[in-house]
Amino acid sequence: MSPTSRAQMAKKGLTIDPTAISGPSEIPPPGSDLTGLSSQGLVEVYSGSVPGDTDALPSAKELLGTALDTGGASNADYIYNQVSALYGGAKLPDFQSPSRNNVKSLIFVSGSAQGGYGAFHISGTQADFDRIVVDSLDTSGSYSAGSGLGSALAPLAAKAPHLFPLYRGAEDLLGIIHAGDPRLKSARPEAIRDALTFSAPRTSALKAAAATRNVSAIPRAHSARTHHISARDEVSELTRRLIQENQATAGLLDIAATAIAGRQYLSTALFAAEIVESFQMLTGKADAGKTDGEAVSRVLGFKLAPEIALIPGFNSAVTQQWWKDGHPDFVNVNTEDDRSTDGNGAGIMFLEFLTDYLGVSIDQILGSMPATNGAPLGDTYVKLLNDHPELGIDQVAGSNGKTAFQKMVSLIQQNTQSPDGSLNLPADGNPFPSMPGAKQGGLFAGKPPIVSTGTLAQDAQAALLLEAQVEQQAAALKAVLQQIRSDAAAGPTAAAARAQARQDAFDAENQAKFGYGPPLVGSVAANLDQRVAQYRAPQYDLSLQDEFWPHVYNELPGTGPNVDRLQVITGTNQAPVAVQVTGTITQTKHEKDGDLHISFQPDDSNFPTNQDGKEPPLELEIIYAGPVTQADAKQAHTGYTNPFDIKPLVPGTRIQAAGPLIFDRAHGKVDAAGNVQYGLEIHPLAGITVLSGSPVVPPPPPPPPVGGGTAGQLSSDLTSALSQAGTLGQTLGSLTSLIQKMKGEAPVN
């Protein structure tokens, strides 16, 4: 872009795309807005105004705010001071910012229309290198639902030096969330299969973190799934599974991130990784453009702002690729640059092995790094033996970098490798703390490695979320028990009459040539839309609109005798958009139109639900999950195949469900005040992730009762109650484990 074009953009209040920055003098670029100076005056923060970027300003402001783990300091000041202390109290030199403040570092925050790029700085003087560009990604590694930038996982076009990029897997396949993505046209089946090998352990780890609110929890070992399909259908089946896995990952990251520090964006973590490289340049301890420097910057980013450790593209996917490639030893050579996946994977694992298995503190590791502007990490290990001779015996890690690397590989093989050859990593990507005999070194020598009021506060927040989940599950169980008591007290005849009356009323409404009720008034619909904005799941939008919505009968011309049966609350009837919510299945039922109706209790009490206690809090519908006997549904069903496995979807199962929030006018009811009594649904489901299976396997359906009655319904309700009690027990177990962890973290008087 020419200087004239840049100046014209600045006059319009716009900044250039960060990937077009060509030198440190353009950090920040013309047109940037000064967000503020950190409270201790160490860091100045600017935000960009790339068209469509709604995240730049809040992401920049978060750097100037506080979090649970910063002890009251701003995020930017906390990171700078921690890194300075880890490097023995070294200080970056002051330089004058564009607003004439003397600062240690300057940060420009902006998203990119070219896809998520992570962070970078450009070589020059020390002051040049201390000017840092960071992406406006949120903690799921995406741009927000309202962003006009498109997918953060689009093919990466940035070529900036010292880039800390999102890894998208071989042929960019870990970034594909829609069947129409052009990257699929050239994707080889072998590459798609490899991407699925990465995605299975990734999803398992995030599910474990979502269930336990503990990102270090080791997931249950997974096994490779074997599918017997024709060669012709292989690519389409593999692609479908890959897209489902990639979509699920973004949603699971939203849950897992709530168990960290409460930050909403990755700007703090990205700044941490890049400011480490500034100190590397200052001290000569590592080459920021090689394996040693990049590994240190990543691991310190994970330690100081652990939300970024959950993003597979910054962490576990890199490690998985290194392992798949035969885990080459780039610890004892320093030949790989900072974009080498195998170099980064080897370096990250080795540093985590040193600190979280051998028990060496981070400041001791940094102190032992040769001040030669780069050296193999194996040399750092040899120097560490001067202070830790106990590590040098053969039974621990041996006398040199090669023996230490071999010890690390052996531990991973014994404790982390799965039968399919991939690694069974926790959500934070670090397998070493859970290994037998592990010693955690922490950040600083002589200080307890785990004790941290910030960590304790984070776990307390996670415990409160689990406690709220317990309340929701207990309420759902209570409702089922009350229904059982009511039916038992009334007797089978009265209960059957009530059930039949409800069914007759429902059938009458549907048989009256779809005499739909009125839609929700605009203000009610707008209020509901606003309430669910925080639950938006844009990774499902294109699949929803292209693959699911055209087959919903009576919604679009040609799919039935009427239209607008479903009033779309999120989006429009032409282009619905998805929300995503976690919760527990309380009941399921197959309908004549082929849909599976799922009664659902959301975990989050803030998610809008039906107010009539006789109806499920929320209804989910999987379209055409069973035989279709309803005439108008048959036409819309043509050409559609249900992609979801419904066998695990039994009462008591916890799931994460995605689709549009709608109001079903065919049987919905609204009171005089405009409150929805029933009719709120997520319909159709465009994504479903099973978080934890029901602890109780439901028995086969009972035989029809003799002479009427509700024995079948009573048995179903008892099964539902038993399953929900089991789920409640699982959640209480997770809460107990977390409180025990907190007890170990608490400072000892």
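Which side chain of opposite charge is nearest to Asp342, and how far away is it? Asp342 is buried (under 20% relative accessible area, with a 1.4 Å probe and protein chains only) but has no salt bridge, and the nearest side chain of opposite charge is that of Lys324, 9.2 Å away. A salt bridge here is a side-chain nitrogen of Lys or Arg within 4 Å of a carboxyl oxygen of Asp or Glu. The model is predicted: local features need pLDDT of at least 70 and side-chain atom pairs count only at pLDDT 80 or more, while totals for chains, interfaces and linings use all residues. Residues are numbered from 1 along each chain as its sequence is written, and side-chain values use heavy atoms, with hydrogens and water left out.

**Overall fold**
- The chain contains 19 helices and 17 strands, taken as DSSP runs (H or I, at least four residues, for helices; E, at least two, for strands) and numbered from the N terminus.
- Of its 749 residues, 55% count as buried.

**Helix 10 and Asp342**
- Asp342 lies in helix 10, of which 16 of 16 residues are buried.
- The end C-alpha atoms of helix 10 are 22 Å apart, in agreement with the 22 Å that its 16 residues should span at 1.5 Å a residue, counting one less than the number of residues.
- Leaving aside neighbours within four places in sequence, Asp342 is in contact (heavy atoms within 4.5 Å) with Gln321, Trp322, Asp325, Pro328 and Phe330.

**Helix 13**
- Gly401, Ala404, Phe405, Met408, Val409, Leu411 and Ile412 are the buried residues of helix 13.
- Seen down the axis of helix 13, these buried residues fall within an arc of 160°, so they line one face; the arc is that of the directions from the helix axis to the C-beta atoms.
- Lys402, Gln406 and Gln414, on the other side of helix 13, are exposed, that is, over 50% relative accessible area.
- The buried residues of helix 13 pack against helix 9 (316-324), helix 10 (341-356) and helix 12 (377-384).

**Salt bridges**
- The count comes to 14 salt bridges.
- In helix 8 (residues 291-304), Arg298 and Glu294 are four residues apart, about one helical turn, and their closest N and O atoms are 2.9 Å apart in a salt bridge.
- Both partners are buried: Arg298 has a relative accessible area of 3% and Glu294 one of 1%.
- Asp69, Arg263 and Glu307 are linked in a network of salt bridges.

Key: Lys and Arg count as positive and Asp and Glu as negative; His and the chain ends are not counted.
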